[in-house]
Amino acid sequence: MRTILIGDLHGCLREWEKLLAACAFREEEDRLVLLGDLMNKGRDSFGVWQKAEKLKERMGERFVCVRGNHDDLLLRAALHPEEKYLRFYHGVPETELSFREGGQPLSACAAFLADLPYYAETEHFFCVHAGLRAEDPAEEDPRVLLSDRTMQGGPAYGGKLVIAGHVPGASPLYRAPSGELLSLPCGQTLTLPEHGYLCLDTGCVYGNALTAMVTDGKTYRLCAVPSSRRSGRTYSSQPS
């Protein structure tokens, strides 16, 4: 069974659909893993949520979406409308508008968001949105899983490979156990590393690209589609 992992969507429905086509996604056979930040900031958060709901219903356990910091933020905004300050945070107004245009309140997605796990595990790697310091993610502080950035160059991590999103770069990045940070090419078949940290967030919502990893557990290939948004952020190969 192939596994397709996709970085931060942030409401970019059009690019998601194009990327699935570019990966030759087979809904009846593949496993699909979304690395969090499903919605918020992008123009069609409602459409992304609807598509994710349908895929979850049809694919069952072969569909996985881990919780990101923006998913957590939207859940709080959906559950606590009395907390007005949440309405001005990080794209929440745009997300509420997307849901209104879709004929639903933001609270419609609360059950879906509340069900998102903080991490997922396969035989070969852990999937988290942001960071992992403990070798067992079940023992990790949720704030690290949602928002940590230190694995881009911080403390050594000795567990099996971590695949994450959260920190946008101009290309997918691999941080080796030695600390070396490598930019990864798209389109080539590469050996899946056993250890280290691999980030798939390439800033689609900021005008760069949406990237997927397609793996059989031994090798992988990266695939990307360009964003339809005009770029508004400058990237470097060493994100802060």
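Select Phe-126 and Val-162 to begin: Phe-126 stands opposite Val-162 in strand E6. The two strands here, E5 (residues 126–128) and E6 (residues 162–164), pair in the parallel sense over 2 bridges. Strands pair if DSSP finds at least two bridges between them. Helices (H or I, at least four residues) and strands (E, at least two) are DSSP runs, numbered from the N terminus.

The model is predicted, with local features needing pLDDT of at least 70 and side-chain atom pairs counting only at pLDDT 80 or more, while totals for chains, interfaces and linings use all residues. Residues are numbered from 1 along each chain as its sequence is written, and side-chain values use heavy atoms, with hydrogens and water left out.

**The sheet around E5 and E6**

Now extend the selection to the whole sheet. Its 6 strands form an open sheet in the order E4-E5-E6-E10-E7-E8, with mixed pairing. Which strands stand at the edges? They are E4 (119–121) and E8 (181–183); each has a single partner strand, so one side of each is left without a neighbour in the sheet. Neighbouring strands of this sheet are turned by 20 degrees against each other on average, direction ignored. For such angles, axes are lines fitted to C-alpha atoms, for helices over the stretch in contact, and angles run from 0 to 180 degrees between N-to-C directions.

Remain at strand E4 and select Glu-121 together with Lys-160. These residues form a salt bridge, their closest N and O atoms being 2.9 Å apart. The term denotes a side-chain nitrogen of Lys or Arg within 4 Å of a carboxyl oxygen of Asp or Glu. This pair links distant parts of the chain, for Lys-160 lies in the loop between helix H6 (142–147) and E6, whereas Glu-121 is in strand E4, 39 residues apart.

**Where H1 meets H2**

Display both helices. The axes of H1 (residues 13–22) and H2 (residues 45–59) come within 9 Å and cross at roughly 40 degrees. H1 and H2 are therefore oblique to each other (angles under 35 degrees count as roughly parallel, over 145 as roughly antiparallel, 65 to 115 as roughly perpendicular and the rest as oblique). In H1, select Leu-13, Trp-16, Glu-17 and Leu-20, which meet Gly-47, Val-48, Lys-51, Ala-52 and Leu-55 in H2. Contact means heavy atoms within 4.5 Å.

Focus on Trp-16, which lies in H1. Is this residue buried or exposed? Trp-16 is buried, with a relative accessible area of 0%. Buried means under 20% relative accessible area, exposed over 50%, and partly exposed in between (1.4 Å probe, protein chains only). Not counting residues up to four places away in sequence, Trp-16 touches several residues, including Ile-6, Leu-9, Leu-32, Leu-34 and Leu-210.

**Further salt bridges**

The structure holds 9 salt bridges. One of them joins Arg-58 to Glu-27, with the closest N and O atoms 2.5 Å apart. Arg-58 is in helix H2 and Glu-27 in the loop between H1 and strand E2 (31–34), 31 residues apart. Next, select Asp-141 and Arg-143, whose side chains meet in a salt bridge (2.8 Å, N to O). At 28% relative accessibility, Asp-141 counts as partly exposed, while Arg-143, at 64%, counts as exposed. Finally, select Arg-2, Arg-26, Glu-29 and Asp-30, which are linked in a network of salt bridges.

**An enclosed helix**

The last stop is helix H3 (residues 69–79). Of its 11 residues, 8 are buried, so H3 is largely enclosed by the rest of the structure. Select the buried ones, among them His-70, Asp-71, Leu-74 and Ala-78. What covers the buried residues of H3? The cover includes helix H4 (92–101), helix H5 (110–114) and H6.
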